[in-house]
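Please keep the sequence and the structure in view while reading.

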Amino acid sequence: MRILGIESSCDETSAAVVSGHSSHPKLESLVILSQDVHSVFGGVVPEIASREHLTAIVPVTERALADAGTTLADIDAIAVTHAPGLVGALLVGVSYAKALGAAAGKPVIGVHHMEGHLFATALEHPDATPPFTALLVSGGHTLLLDVADWGEYRLLGRTRDDAAGEAFDKAAKLLGLPYPGGRHLEALARDGEPKRHRFTKPMLNAGQKLGDADYYDVSFSGLKTAVLLATQQAADLNAEKAHIARGFQDALIGTLVAKTIRGARAHKRKRIVLGGGVACNSALVQAMREEAAKIGATVFAPTPRLATDNAAMIAAAGLFRRERGERSGAHLNAFSTLQMPGLKSAD
Ligand code: KG4
Ligand code: ZN
């Protein structure tokens with residue numbers, strides 16, 4: 001089977017072709033056009049994002065098909081992100097996919113963006129398949145999942161306020177770094193002393209027990225406030241910046257790693273799969289690997305182009321859904337928030 005994937009949920013216009021079977025998906029092509037314009041505004045401006053998608057979506061898709069050496073006629077189905085995200089941005093992808101599907105007589109499958117992030121790593125690591133514990137950390141979401149099988153997701157924990165990427169971006173802003181600040185903060189933290197700012201690891205303490213509401217959940221707003229106070233109290237902020245970045249990153253990573261290991265331990269999983277833009281953070285991946293080794297688990301992380309938003313992961317998730325015979329009708333719509341298909345709350 002050969003799937004054309006389309007992604008336009010935020011500020012990346014992307015198209016990709018993925019073939020094969022969902023247990024061994026093969027990436028044929030991937031085109032990602034990032035909208036740099038938002039850095040001027042310090043955040044994504046929804047209206048501008050929609051307009052940029054409109055300009056880019058046709059050439060990006062045509063390029064992805066050409067790079068894969070194929071045409072729409074040889075595509076079996078079109079997978080498109082339809083939620084969650086910016087509605088105006090999503091609508092560009094959804095409308096275009098539906099138009100292509102109608103014109104070429106191909107089925108269209110609406111894909112949940114976070115299910116896409118879950119499939120990204122499998123495109124590069126054949127062993128990143130269920131069962132596993134998943135930590136999805138992006139600009140808009142932070143989800144800790146137990147994945148018994150593709151399509152069978154148990155929600156262990158989530159953020160109660162800011163997403164991990166959002167926390168990185170806000171802390172980066174306080175440190176005067178450009179948007180999106182995650183990777184800039186990571187670079188700055190490399191020069192920071194680890195013990196100069198010992199920020200408390202948020203929502204983590206030894207007294208938490210399995211079944212407690214805060215055992216798996218995370219929260220980053222307090223950590224953000226701690227960074228704000230540190231910047232205000234610094235005698236020479238320029239000299240202190242790297243140390244504050246390091247303290248912030250260590251605390252945030254400490255919580256994410258501890259909670260993910262709790263999930264893997266409780267469900268006896270030997271594989272941990274990371275996804276979302278924050279999975280680009282090599283300090284996070286390294287810390288996760290060190291702790292996972294202690295429980296005999298292996299960590300799989302996608303390379304940056306598959307960790308951040310891309311259409312290959314949407315095509316891979318679409319491939320799985322199409323194999324199950326799924327297709328969306330002409331009523332397929334875009335939603336800013338939507339429960340992930342197959343997601344059950346922890347009991
Ligand atoms: O998954 P993604 O591309 O978009 C969403 O679905 O939100 O994630 C973007 C987020 C941004 O918040 C960005 O700052 C963060 O991922 N990010 C990083 C790094 N690279 C990207 N955060 C920490 N360290 C990085 N190296
Ligand atoms: Zn994303």
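## The largest cavity

Which residues line the largest cavity? In this predicted model, the lining is made up of Leu135, Thr142, Leu143, Leu144, Gly157, Arg158, Thr159, Tyr216, Val218, Leu256 and Lys259. Strand E7 (142-149), strand E8 (152-158) and helix H7 (237-266) are the elements that each contribute two or more residues to this lining, and E7 gives the most, with three residues.

When the lining of the largest cavity is sorted by class, six residues are nonpolar, three are polar and two are charged. The space in the largest cavity comes to about 60 Å³, and the structure holds one cavity of 30 Å³ or more.

## The zinc site

The zinc ion (ligand 2) is coordinated by His113 and His117, each through NE2, and by Asp309 through OD, at 2.0 to 2.1 Å. Along the chain, the donors of the zinc ion (ligand 2) are spaced as H-x3-H-x191-D. Both histidine 113 and histidine 117 belong to helix H3 (residues 113-120), where they are four residues apart, about one turn of the helix, and both histidine 113 and histidine 117 are buried.

## The geometry around the zinc ion

Why is the arrangement of the four donor atoms around the zinc ion (ligand 2) irregular? The angles that these four donor atoms subtend run from 93 to 145°, whereas four donors count as tetrahedral if all angles lie between 85 and 135 degrees, and the arrangement is therefore irregular.

Conventions. Residues are numbered from 1 along each chain as its sequence is written. Chains are lettered from A and ligands numbered from 1 in the order in which they are written. This is a predicted model: local features need pLDDT of at least 70, side-chain atom pairs count only at pLDDT 80 or more; totals for chains, interfaces and linings use all residues. Side-chain values use heavy atoms; hydrogens and water are left out. Donors are N, O and S atoms within 2.8 Å of the metal (3.2 Å for Na, K and Ca); water is not among the atoms, so sites may look incomplete. Four donors count as tetrahedral if all angles lie between 85 and 135 degrees; four count as square planar and six as octahedral if opposite donors are over 155 degrees apart and all others between 65 and 115; anything else is irregular. Buried means under 20% relative accessible area, exposed over 50%, partly exposed in between (1.4 Å probe, protein chains only). On a 1 Å grid over the protein atoms alone, a cavity is a set of points where a 1.4 Å probe fits but cannot get out, and a pocket is an open set with protein on both sides within 12 Å along at least five of seven lines; lining residues have an atom within 4 Å of a point. Grid points are joined across faces, edges and corners, and a volume is the space filled by probe spheres set on the points. Ala, Val, Leu, Ile, Met, Phe, Trp, Tyr, Cys and Pro count as nonpolar, Asp, Glu, Lys and Arg as charged, and the others, Gly among them, as polar.
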